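Open the model in your viewer and keep the selection tool at hand.

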Amino acid sequence: MWWPDYERYSTALSYGVVGAVYWTFSVSAISQAAPANTVVGALFWTLIGIAGISAVGSGWVFAMLGLRCSHSLLLGGLAAATALIAIAPGSWPAIGVSAIVYGVGFMATSGLLAVWSYRVFPDQPSVGFSATVLFLGIGAIVGPALFGALADAWNLHAALMASAAIAVAALSQRPPITTAHEPFASDGSSRRKSV
């Protein structure tokens, strides 16, 4: 059943919105706060990329903490990273922390969505994940347009804070409960269990 799995689609949609808004507007906010510093953007992107490499260990984290706890940590991290840029775009420590937290969170969340999709559709993993990517793509298209209009009407601070609120709202979604240390259990019932 595809449509009853609305929580995964909602998370993917939110992830697409938050990710696209961050990619689109974060450097603009930083540049506006420090217009004379042309190096900050390059350093910002470099930090995000280096931090993202650490997401190769996300499978271990999912196995240790389960999808629900991992989901909360990752979406909370994306919200915090986005809010930091909104609140303190001229602060080097805030920019650095935001880039690192976002780099890890963005890459690991894509992995979480893949695992979540597999557990819901163990017999059709590619079809199930394609539906997830569809919703992610919708969020990535709609997010910058809507939040760009908000930035025009108000400012980048308001747009980024609203995007952080989307990530916070996504915390209410509930991935399936997983057994600790058994992220790829062959028992289909454990994949579909939700409480």
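Buried means under 20% relative accessible area, exposed means over 50%, and partly exposed lies in between (1.4 Å probe, protein chains only). This is a predicted model: local features need pLDDT of at least 70, side-chain atom pairs count only at pLDDT 80 or more, and totals for chains, interfaces and linings use all residues. Numbering runs from 1 along each chain as its sequence is written, and side-chain values use heavy atoms, without hydrogens or water.

**Stop 1: Tyr 102.** Select Tyr 102. Its relative accessibility is 0%, so Tyr 102 counts as buried.

**Stop 2: the ring pairs.** Rings of Phe, Tyr and Trp (its six-membered ring) pair if their centres lie within 6.5 Å; planes under 30 degrees apart count as stacked, over 60 as edge-to-face, the rest as tilted. The whole structure has 9 aromatic pairs. Tyr 22 and Tyr 102 are stacked, because their ring centres are 3.7 Å apart and their planes at 10°. Tyr 22 sits in helix α1 (residues 6–33) and Tyr 102 in helix α4 (residues 92–120), so this pair ties together parts 80 residues apart in sequence. Helices (H or I, at least four residues) are DSSP runs, numbered from the N terminus.

**Stop 3: the cluster.** With Tyr 22, Tyr 102 and Phe 106, they form one aromatic cluster.

**Stop 4: helix α5.** Select residues 125–153, the 29 residues of α5. Buried residues here include Gly 128, Phe 135 and Phe 147.

Key:
Helices (H or I, at least four residues) and strands (E, at least two) are DSSP runs, numbered from the N terminus. The expected span of a helix is 1.5 Å times one less than its number of residues.
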